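Dear colleague,

Please find below the structure I promised to pass on, together with its sequence. My notes follow directly after it.

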Amino acid sequence: MRDERVTARANHDRMANAIRALSMDAVEAAKSGHPGLPMGAADIATVLFTRFLKFDPADPKWPDRDRFVLSAGHGSMLLYSLLYLLGYKGMTLDEIKRFRQLDSKTPGHPENFITEGVETTTGPLGQGLGNAVGMALAERILAAEFGPDVVDHYTYVLASDGDLMEGISHEAIALSGHLKLSKLIVLFDDNGITIDGKLSLSDSTDQVARFKAAGWNASKIDGHDPEAIAKAIEAAQKSDKPTMIACRTTIGFGAPKKAGTAEAHGSPLGADEIKGAREKLGWNYPAFEIPKDLLDAWRKAGARSQDAHKKWNERVKALPSDKRTEFERRLAGRLSPAVSGAVRMVKEQAAANPKEIATRKASESVLDALIEKAPEMIGGSADLTGSNNTKTKGMPVISPGEFKGQFLHWGIREHCMAAAMNGMALHGGVIPFSGTFLVFSDYCRPSIRLAALMEQRVIHVMTHDSIGLGEDGPTHQPVEHLAALRAIPNVDLFRPADLTETAECWQLALEKMKGPSVLALTRQNLPALRTTLEEKNLCALGAYELAPAKGKAQVSLFASGSEVSLCIAAKTELDKQGVSTRVVSVPCLDLFLAQDEKYRAAIIGDAPIKIAVEAAIRLGWDAIIGTDGRFIGMTGFGASAPYKDLYRRFGITTEAIVAAAFAALGDRREIPHKERA
Ligand SMILES: Cc1ncc(C[n+]2csc(CCOP(=O)(O)OP(=O)(O)O)c2C)c(N)n1
């Protein structure tokens, strides 16, 4: 018995050392990277991947696989070593040797869209933990609907001190504790070291107590003792709460001088230290060489779940055919054809019965029509449900331990909401949409940026989109946020002008399979502008001529959202005064700027006067009006007052548009005069 244990331990050590060796050698070859975490966490990873994790390297996207999130993305060599050792086809030894090089499968931080087997893109600390909450949530939501026979997997996270120091971790821990996400298991790489040195320089939190206070199981173990790790994971799997296992480890384990110090964190160990580590670990193989028997042992571990995978395929096949079709549709992320039907119905109603409503309310009407047709849509709000209008009557609420629902009260946790939504989208089978105020997009921004990078379909409903929110004042009035969101590549920022445009923008957001959308919506009522039914989605090209000029246009007015109606009123006035004017609605500047030259030129037109109107800063609009165009909007922060007073104070009015047009015409008339002089 004792001998067996000794042999098992020796085998474990060799397997873990394979991770350590590959990691330190790859970082050395790249002349950059982070050897400390992979060397320290190698024991945890070896136990998890060889004894617990359910996955199949032959099918990295197997929907019922356990998810593993390396939240501390800087330790990417841990993941790459595992993928190679376990037999993921895309991860060859050559790729390991090309760590951090151009076009390799081994970028500096894990990127899920580059490397098969990587579940999410991590690097910004704390995000992975937030993603994992969403993955665990999506698993429960789908299990509640389709049953444990086809949806039953764990979400494991490896989190570092940095992950747990970031503010987002507080939101993630509190929310998942509250929801009793019992299949979420966090392995905390408790090494007490950060970049600056000892963790004690900047933190003295009792993490076990912290997690327990949030409703988790939490314990402390020796992170280099495989049996202790295994026992803790076994207990975690049986728990009715999420579990955090603080695994005490030594960063850079095996490095003779640098282990246990910040020097092992983020730079190559150096030739001498690597030589010393080889001796200390009893690793007598050249760089990048894994002995055959060891590779075989790892590959065998990689094949552990093949049988489970096969049985799962059979269980899916045995589902009643309509359930199976629906399950497969959800997993593929395909929308039901009923979605476009629902959008059409809203457009029909909008045309038949034009109403003055706020676009947040318009969005609620669209959701009302959509929600039944798209049961994969999971809505939520960061404690502004009544303001964001993201919860319709037909949406049951997800609650602790009860996941059959379509709406989640995220609490006042915008950052985790956005990160978890990314995790839900990555998990698949659900389409998350959120609700908060547009001004708080800043609190979601790091996660929205990652959704864009990862090409994930998440939809953020962000209401109270300008000074038009009125009395809450400048703290709540976004001015730079539209531009800031437009600045993120692959984010589509929609700002619809009425109910019809809101329906069209929702459709575009849902149909955008590879990236996030933000719907910026008003608090205040807006008149209906699209009063005839158009089959075509006019918002699809980002901008379109809403009101043509009578004859040759002298003035082109461009606007989004709440300011489009001001332009329509200004056009009426200008036309009356003999100035032929057209109005272009720009519900999505991002989409418009992505159109071809011909379309852009046609929409921008050749009217000599171009004026853009948006109750926000000018940034971005020059692409349409040019640097010599006129802009009516904000140049600084708003103020607290009823919104009509604010629009007057900041000069965003029909009169101001008309005056700007005349001033511009006057300027032009003056030019030849000046030239004559
Ligand atoms: C949001 C964010 N801030 C800063 C960094 C830069 N950074 C990378 S690792 C790290 C901290 C390292 O400490 P720890 O998380 O304990 O990792 P370990 O030293 O154990 O590898 C920092 C500050 C980052 N990646 N993300």
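What follows covers the ligand site and then some aromatic rings.

This is a predicted model, in which local features need pLDDT of at least 70 and side-chain atom pairs count only at pLDDT 80 or more, while totals for chains, interfaces and linings use all residues. Residues are numbered from 1 along each chain as its sequence is written, and side-chain values use heavy atoms, with hydrogens and water left out.

The ligand is surrounded by 15 residues (each with a heavy atom within 4 Å of it), and the closest are His74, Gly123, Ser160, Gly162 and Asn191. Among the polar contacts (pairs of N or O atoms within 3.5 Å), oxygen atoms of the ligand lie 2.7 Å from a polar side-chain atom of His74, 2.6 Å from an N or O atom in the side chain of Ser160 and 2.8 Å from a polar backbone atom of Ile193. Of the 570 Å² of accessible area that the ligand has on its own, the protein covers 74% (Shrake-Rupley method, 1.4 Å probe).

The structure also holds 15 aromatic pairs (ring centres of Phe, Tyr or Trp, the last by its six-membered ring, within 6.5 Å; planes under 30 degrees apart are stacked, over 60 edge-to-face and the rest tilted). Tyr643 and Tyr647 form an edge-to-face pair, because their ring centres are 6.2 Å apart and their planes stand at 85°. Tyr643, at 26% relative accessibility, is partly exposed, whereas Tyr647, at 9%, is buried (buried is under 20%, exposed over 50%, partly exposed in between, with a 1.4 Å probe and protein chains only).

Best regards

How values were computed:
A polar contact is a pair of N or O atoms within 3.5 Å; within protein, one must be able to donate a hydrogen and the other to accept it, and residues adjacent in sequence count only if both atoms are side-chain atoms.
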